[in-house]
Amino acid sequence: MRYSRLGNTGLEVSAITLGCMSWGRNDAGWHDWVLDEGAARPLITAAWEAGVNVFDTANVYAGGTSEEITGKILSEIAPREDVIIATKVHGRTRPGPNGVGLSRVHIMREIDASLNRLGTDHVDLYQIHRWDDATPIEETMEALHDVVKAGKARYIGASSMFAWQFAKAQHVAESNGWTKFVSMQNHYNLIYREEEREMIPLCADQGVGLLPWSPLARGKLTRPWGTETKRSAGDNWGKNLYVDGDRTIVETVIAIAEARGVAPAQVALAWVMSRPQVASPIVGVTKMAHLTDAIAAVDLVLTDDEIAQLEAPYTPHAISGHGPNTVHASR
């Protein structure tokens with residue numbers, strides 16, 4: 001495994017992050033493809049044994065049961081000081097007022113709830129899952145600063161939003177002497193590269209590390225275009241992320257993978273990992289083969305010619321992955 005610093009911090013993160021949205025209890029009313037604790041255990045264990053030290057979950061994944069399973073298994077297989085646990089706050093966790101968003105009351109309630117489910121006294125990275133138009137960013141940043149100063153989080157991070165919003169949040173924090181975001185968990189892969197216009201240059205300038213979600217475009221970069229899986233068949237939100245014009249890129253990935261004698265997933269992940277400022281793409285897995293491909297991708301170095309071939313077919317896309325109605329966006 002390869003490790004690098006997360007942005008300008010001293011925190012060392014593995015070249016890939018294990019996304020933990022893939023497990024939970026089915027009775028939590030989440031997706032019917034999620035794995036239970038027994039099925040998740042060998043995947044989390046294999047990732048840890050391969051050198052993965054970052055595990056990313058969220059308070060809304062499977063009604064919080066993803067946090068429960070992730071925390072329980074990690075506590076049994078790894079020393080707490082050796083793993084980096086990341087979770088997120090924003091999505092609705094209870095009905096009625098104050099059950100969603102980035103208000104002080106919601107953040108303070110949810111950090112304690114997440115810590116309880118994870119079975120730890122702190123998380124290493126506490127991230128806002130999306131932007132909250134209903135709450136002043138000053139309130140959010142001060143609350144997150146207080147979470148850090150209380151010792152409940154070591155660092156804070158953000159997720160998909162517009163670059164101006166991220167810049168505003170960082171400015172508010174800096175102006176008030178509050179904790180700033182050290183990471184950006186954004187939507188970024190070979191068939192969605194709109195982040196290269198504003199967000200990634202901003203993060204590069206400010207020393208913010210990238211933890212891209214959906215680096216495999218929800219699996220589209222791993223198989224022939226149009227192939228359905230159990231997950232993709234019921235992924236109504238994900239169907240709006242990509243368009244038929246992306247087929248050529250997928251075909252290019254497959255062609256290069258066949259020439260190299262590797263899986264398409266390895267090629268697509270190797271491209272993401274080769275991008276400046278990317279610290280650790282988040283990989284969701286439901287099968288051991290998914291994890292094996294992700295780990296193998298760490299050592300795959302693409303040539304300049306292969307990178308040029310992969311990037312050439314790209315066409316501009318509408319902004320997707322954040323904005324209205326995406327607060328429960330999944331990895």
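I take contact to mean heavy atoms within 4.5 Å. I keep that at hand for the packing entries below. The model I am reading is a predicted one.

**Entry 1: the whole chain**

I began with the secondary structure. The protein chain has eleven helices and ten strands. Its radius of gyration is 19 Å, close to the 20 Å that the globule rule gives for 331 residues, so the chain is as compact as a globular protein of that length. I then looked up the box around the C-alpha atoms. Along the principal axes, this box is roughly 55 × 40 × 35 Å.

Of the 331 residues, 57% count as buried. Among contacts with a separation of 6 or more, 78% join residues 24 or more positions apart.

The accessible surface is about 13300 Å², and carbon and sulfur atoms hold 51% of that. The chain carries 31 positive and 40 negative charges, and their mean positions lie 3 Å apart.

**Entry 2: helix α11**

Which residues of α11 are buried? In this helix, residues 304–311, I found Glu-306, Ile-307 and Leu-310 buried. They cover an arc of only 100 degrees around the axis, which puts them on the same side of α11. What do they pack against? Their partners are α8 (247–260) and α9 (264–274).

**Entry 3: helix α6**

I repeated the search on α6, residues 199–206. Here Met-199, Ile-200, Leu-202 and Cys-203 are buried. Their arc around the axis is only 160 degrees, which places them on the same side of α6. I traced their packing to α5 (163–176), β8 (181–185) and β9 (209–210).

I then looked up Ala-62. Its phi is near 50 degrees, a positive value in a residue other than glycine. Where does Ala-62 sit? I found Ala-62 in the loop between β4 (54–56) and α2 (65–77). Is Ala-62 buried or exposed? With a relative accessible area of 0%, Ala-62 is buried.

Arg-218 was my next stop. Phi of Arg-218 is near 55 degrees, again positive in a residue other than glycine. Arg-218 lies in the loop between β9 and α7 (230–233). I checked its burial against the cut-off, under 20% relative accessible area. The value for Arg-218 is 14%, so Arg-218 is buried.

Definitions and conventions: Residues are numbered from 1 along each chain as its sequence is written. This is a predicted model: local features need pLDDT of at least 70, side-chain atom pairs count only at pLDDT 80 or more; totals for chains, interfaces and linings use all residues. Side-chain values use heavy atoms; hydrogens and water are left out. Helices (H or I, at least four residues) and strands (E, at least two) are DSSP runs, numbered from the N terminus. The radius of gyration is taken over C-alpha atoms; the globule rule is 2.2 Å times the number of residues to the power 0.38. Buried means under 20% relative accessible area, exposed over 50%, partly exposed in between (1.4 Å probe, protein chains only). Accessible areas come from the Shrake-Rupley method with a 1.4 Å probe; for residues, only the protein chains shown count as cover. Lys and Arg count as positive and Asp and Glu as negative; His and the chain ends are not counted. The place of a charge is taken as NZ of Lys, CZ of Arg, CG of Asp or CD of Glu. The arc is that of the directions from the helix axis to the C-beta atoms.
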